[in-house]
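This briefing is intended for a reader who wishes to relate the coordinates to a written account. Please keep the sequence and the structure in view while reading.

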Amino acid sequence: MYGIAMAKGLLVTLKNMTKKPFTVQYPEERVKQHPRFRGEEFVWYEERCTGCASCAKYCPLGIIKIVTKPSETAPAQGDKYKLELFDISINRCMFCGLCVEACPYDALFMGSGFEQGQYSRKKMVIDIDHLRQADKHPSTFFRPQLEDSGYDPRGGRPLHWQEVGRESWQWHQREKAGMNIARPVPSDLLSDDPQVDSSFVEDSEVATPPPSTTTEEAE
Amino acid sequence: MSCVLGPDNILHDTLLFRVIYDFVGHLLPCWLSYIVAGGVIMMLLVNGVLMGAGLFSWVERRLIGRFHNRIGPNRWGPFGMLQPMADVVKLIFKEDLTPAGADRIVFMIVPVAMLAPVVLMMAVVPFAKDTALANLNVGVLYVLAVTSITSVAIFMAGWASNNRYAMFGASRGVAILISYEVPVVMSLLGVVLVAGSMSMADVVSAQTIPFLLVQPLAFFVFFVGTSAELNRTPFDLAEAESEIIAGYHIEYSGVKFALIQAAEFGAVLTSSAVMVTLFLSGWSGPLSSYLGWVWFLMKIGVLAFVFSWVRATFPRLRIDQLLAFAWKFLLPISIINLFATALEVYFLRDGAGTLDTTDLWIMAGINFGVAFGSLLIFGTLIKEKVRPARPITGVTLSSIEVS
């Protein structure tokens, strides 16, 4: 008969009416965000950054601008380049994360936020002061040591540069099995900080002392 | 200085009018207080319908949201209740466009011509005992006549807009309205036969049991026909957004669009009010002399919920399915209903030509059988018509290839 399917349809909608709505009321409620989410508030640790500009070189869009000048003291004494400009123009950024992958010193992390709407294009450029002052909620994208520690970027507290850890040498060996790249791990964590979490210390202990390739280059 | 309304006056039976008339009559001359009392009731009606339309637009959006597992508008006011206000403010501040080449006068008249029948329909509907604005002795006929104005308004909108989509929508709308007017009138004849009167108040007082039970087929036909005349979703070809953008009101913006929308939402409420009066025993219920209006509003709410429910469920019909549904399905079953009712009334009425409650229960039993049987037969017969169109066979691309 003609009408039976219609009655069935009416029942289906009536059943759906009693269900809980799927809607998440955004500003008040949020969906759970994965810790590996690549947000746009880049987290940059100036203490680790040497100004090598690997991120700028690897950026497929060329939206990272870095200007350095030689440091006052000699590089042999442990000083590094002085950064004058670190601009990330996020209005064209596609959040591929290649800059984070490229950073050899784990100084740059993807952020976890996404609420950076601006009214002008000029404000879409994150400059060095913005990067210094921003709250550091690093995403665990390409940072397995951070993800293993169970850090939740949205819920957790801002992380100091000494707490975010370094990529472990073992992890690289596991990931790049067979490639046999003899890459030293410059572990600045080993230097002089007693505040380091135990979970990260494990990684640093495994890392062999650096055979000072960086200093060789500097010379 | 006190004025008395004569019993021959058409508004004598209206309790509300008489109260206001007596009150104002102490201060003003009689002819003026007559006008003032009428004006007050008109204000109440027009604003009641407009406010109700606003409220129903929110209720329907919330309801359809729930049917879709969404929440619906909930930001402005408690539960988003002030959303209609925000909509109206937005529409008032929009630019009021008139398309080039439009028939300006007709274009301007249309929103009023759409809204007027909706408000006029409420004039004869009794909210409670003796509270209709006018207790017309041809109330049912009046309702049918007034609703037919809408088809003229729709065609005016389509013609004056100087837009082909509007014209498509208008011609579809008029085709639907004319087709569905016939079964609707036929179904109401059954109600009038049982009630023995065309006055809305008499129809209500005749319903010792609701006519929904006595005339189930008529209710079905009237409900379907009304939702087609209101251009509601299974029959909203005239304003199909995905096909002809918005149909006849494509060129309207600003206040005019707000009025047209108010007319559409208000029409649902007034049609529900008419349906409550004719089929759901109007204001009667427990304590009906004090709480009649509460029962009336509750029944309107139930019917409005059913309208939203149907809208949330069914997809749009094709135009040939729509007209076939009116002429090959609704019209025959309404004629069957009319004949069955006429025979039952002829055999069951007593000497004075009235039916008591036992007769109505007997009629209810018979009519449910008739309803089921005719729905079964005609539902099977129309099945072929509403199937999707078959793909064209025998024609391949190569046969129409350009040599």
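The points below are grouped by topic.

The model described here is a predicted one. Chain B contains 15 helices and zero strands, and 15 of its residues are in contact with 13 residues of chain A.

**Overall form of chain B**

- Chain B has 403 residues and a radius of gyration of 23 Å, which agrees with the value near 22 Å that a compact globule with that number of residues would have.
- Taken along the principal axes, the box filled by the C-alpha atoms of chain B is roughly 95 × 60 × 40 Å.
- Of the residues of chain B, 42% count as buried.
- Among the contacts in chain B with a separation of 6 or more, 76% are accounted for by residues 24 or more positions apart.

**Contact between the chains**

- The interface joins 15 residues of chain B to 13 residues of chain A.
- On the side of chain B that touches chain A, the elements giving two or more residues are α2 (30-67), α13 (288-313) and α15 (357-381) of chain B.
- The largest share of this side, four residues, is supplied by α15(B).
- By class, the residues of the side of chain B that touches chain A are eight nonpolar, four polar and three charged.

**Helices α4 and α5 of chain B**

- Helix α4 (residues 104-121) of chain B packs against helix α5 (residues 139-147) of chain B at an angle of about 170°, and their axes are 9 Å apart.
- Because angles over 145 degrees count as roughly antiparallel, this angle makes α4(B) roughly antiparallel to α5(B).
- P117(B), L120(B) and M121(B) of α4(B) make the contact with V143(B), V146(B) and T147(B) of α5(B).
- The contact of α4(B) with α5(B) comprises five nonpolar residues, one polar residue and no charged residues.

**Helices α2 and α12 of chain B**

- The axes of α2(B) and helix α12 (residues 254-279) of chain B cross at roughly 95° and come within 8 Å.
- The two helices α2(B) and α12(B) are therefore roughly perpendicular to each other.
- From α2(B), the contact is made by V49(B), L50(B), G52(B), A53(B), F56(B) and S57(B).
- From α12(B), the contact is made by A262(B), F265(B), G266(B), V268(B), L269(B) and T270(B).
- The residues in the contact of α2(B) with α12(B) are eight nonpolar, four polar and no charged.

**Two residues in the loop between α2 and α3 of chain B**

- N69(B) is placed in the loop between α2 and α3 (83-92) of chain B, and its phi is near 65°, a positive value in a residue other than glycine.
- N69(B) has 13 other C-beta atoms within 10 Å and is partly exposed.
- F79(B) lies in the loop between α2 and α3 of chain B and has a positive phi of about 55°, although it is not a glycine.
- F79(B) counts as partly exposed, with 14 C-beta neighbours inside 10 Å.

**Strand β1 of chain A**

- Strand β1 (residues 39-44) of chain A has five of its six residues buried, so it is largely enclosed by the rest of the structure.
- β1(A) pairs with strand β4 (residues 108-111) of chain A in the antiparallel sense over three bridges.
- The bridge partner of V43(A) in β4(A) is F109(A).

Definitions and conventions. Residues numbered from 1 in each chain as written. Chains lettered and ligands numbered in written order. Predicted model: local features only at pLDDT ≥ 70, side-chain atom pairs only at ≥ 80, totals over all residues. Contact = placed C-beta atoms within 7 Å. Nonpolar A, V, L, I, M, F, W, Y, C, P; charged D, E, K, R; others polar. Axes fitted to C-alpha atoms, helices over the stretch in contact; angles between N-to-C directions. Parallel < 35°, antiparallel > 145°, perpendicular 65-115°, else oblique. Rg over C-alpha atoms; globule rule 2.2 N^0.38 Å. Buried ≥ 20, exposed ≤ 12 C-beta atoms within 10 Å, placed from the backbone. Pairing = 2+ DSSP bridges.
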